[in-house]
Amino acid sequence: MANSNVLYKKCKKSLDPTTIEKTIQILNDALEVNKQSIVGLAANQIGIDESICIVRVTKDLVFINPEIIEHSEETFQFHEGCFSFPNTFVKAHRFKRVVVKSDNNEILEFIHKDYDNINNLELAC
C-alpha cells in the first residue's frame with residue numbers, strides 16, 4: 001500500500017527524465033505482478049510522488065503529467081475497488097468520456113479513475 005503522505009495529496013509534476021524512467025519501470029513491474037486484479041496504476045499508489053500513471057487497455061498507455069481538457073456532461077456509477085485500499089469497494093461516479101493531454105502523448109481519451117488517483121481525488125473509502 002502507498003505511503004499515506006503521498007496518497008492524500010496532489011502529486012508533483014514529473015520533470016526529471018531519469019526519475020520518470022525509473023517510475024515507469026516500477027509501475028510496469030507492479031502492474032505485471034498484479035495483472036489479474038488491476039488495469040491501471042498511478043505512481044502515488046505505490047508511494048511515489050510523481051504525476052505518472054499507466055493504464056492497460058489493448059496496450060499500455062503511459063501518461064506523464066496528465067490533465068483533463070474535456071469531459072462529457074453525462075456520468076455513470078460504477079462499483080469499483082482500488083489498489084491502495086484492498087478489499088474495499090465503493091460506488092464511484094465517473095464521466096462517460098474524458099479527454100486528457102499529457103507531456104508524452106497526443107490528446108487521448110482516458111480512464112477517469114487513474115487520473116483521479118494522481119490528483120488527490122481518491123475515493124472516500
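**Notes on the predicted model**

1. Of the 125 residues in this protein, 44% count as buried. Please keep in mind as you read that this is a predicted model. The exposed surface comes to about 7,300 Å², and carbon and sulfur atoms supply 51% of that area.

2. Let's begin with the overall layout. The protein has 3 helices and 8 strands. Followed along the sequence, the elements come in the pattern α-α-β-β-β-β-β-β-β-β-α. As for how the chain meets itself, take the contacts between residues at least 6 apart in sequence: 61% of them join residues at least 24 apart.

3. A word on confidence before the details. The average pLDDT of the protein is 80, and 81% of the residues score at least 70. Which elements have the lowest and the highest mean pLDDT? Helix H3 (residues 112-118) has the lowest, at 54, while H2 has the highest, at 95. Over residues 120-125 the pLDDT is below 50, although this stretch has 19 contacts in the model beyond near neighbours in sequence. Where pLDDT is low, the predicted coordinates should not be read in detail.

4. Now to an open sheet of 3 strands, with the order S1-S2-S3 and antiparallel pairing. Strand S1 (40-42) and strand S3 (60-64) are its edge strands, each pairing on one side only. On average, and with direction ignored, neighbouring strands of this sheet are turned by 10 degrees against each other. S1 pairs with strand S2 (residues 52-56) in the antiparallel sense over 3 bridges.

5. Which strands does helix H2 lie across? Helix H2 (residues 17-33) lies across S1, S2 and S3, and runs at about 35 degrees to S2. As noted above, H2 is also the element with the highest mean pLDDT.

6. Is Asp16 buried or partly exposed? Asp16 counts as partly exposed because its relative accessibility is 39%, and that category lies between the 20% and 50% cut-offs. The side chain of Asp16 makes a polar contact with the side chain of Thr19, at 2.7 Å. Asp16 and Glu50 are 34 residues apart in sequence, with 10.0 Å between their C-alpha atoms.

7. A second pairing to trace is the one between strand S5 (75-82) and strand S6 (85-95). S5 and S6 form a hairpin with 2 residues between them. The two strands pair in the antiparallel sense over 8 bridges, and Glu80 stands opposite Val90 in S6.

8. Finally, Ser84, which sits in the loop between S5 and S6. Why does Ser84 count as buried? The relative accessible area of Ser84 is 0%, so this residue is buried, the cut-off being under 20%. Ser84 and Ala42 are 42 residues apart in sequence and 9.9 Å apart in space, C-alpha to C-alpha.

Conventions: Residues numbered from 1 in each chain as written. Heavy atoms only, no water. Pairing = 2+ DSSP bridges. Helix = DSSP H or I, 4+ residues; strand = E, 2+ residues; numbered from the N terminus. Axes fitted to C-alpha atoms, helices over the stretch in contact; angles between N-to-C directions. Contact = heavy atoms within 4.5 Å. Buried < 20%, exposed > 50% of the residue type's maximum accessible area, 1.4 Å probe, protein only. Areas by Shrake-Rupley, 256 points an atom, 1.4 Å probe, with all protein chains shown as cover. pLDDT = per-residue confidence, 0-100. Polar contact = N/O pair within 3.5 Å; in protein donor to acceptor, adjacent residues only side chain to side chain.
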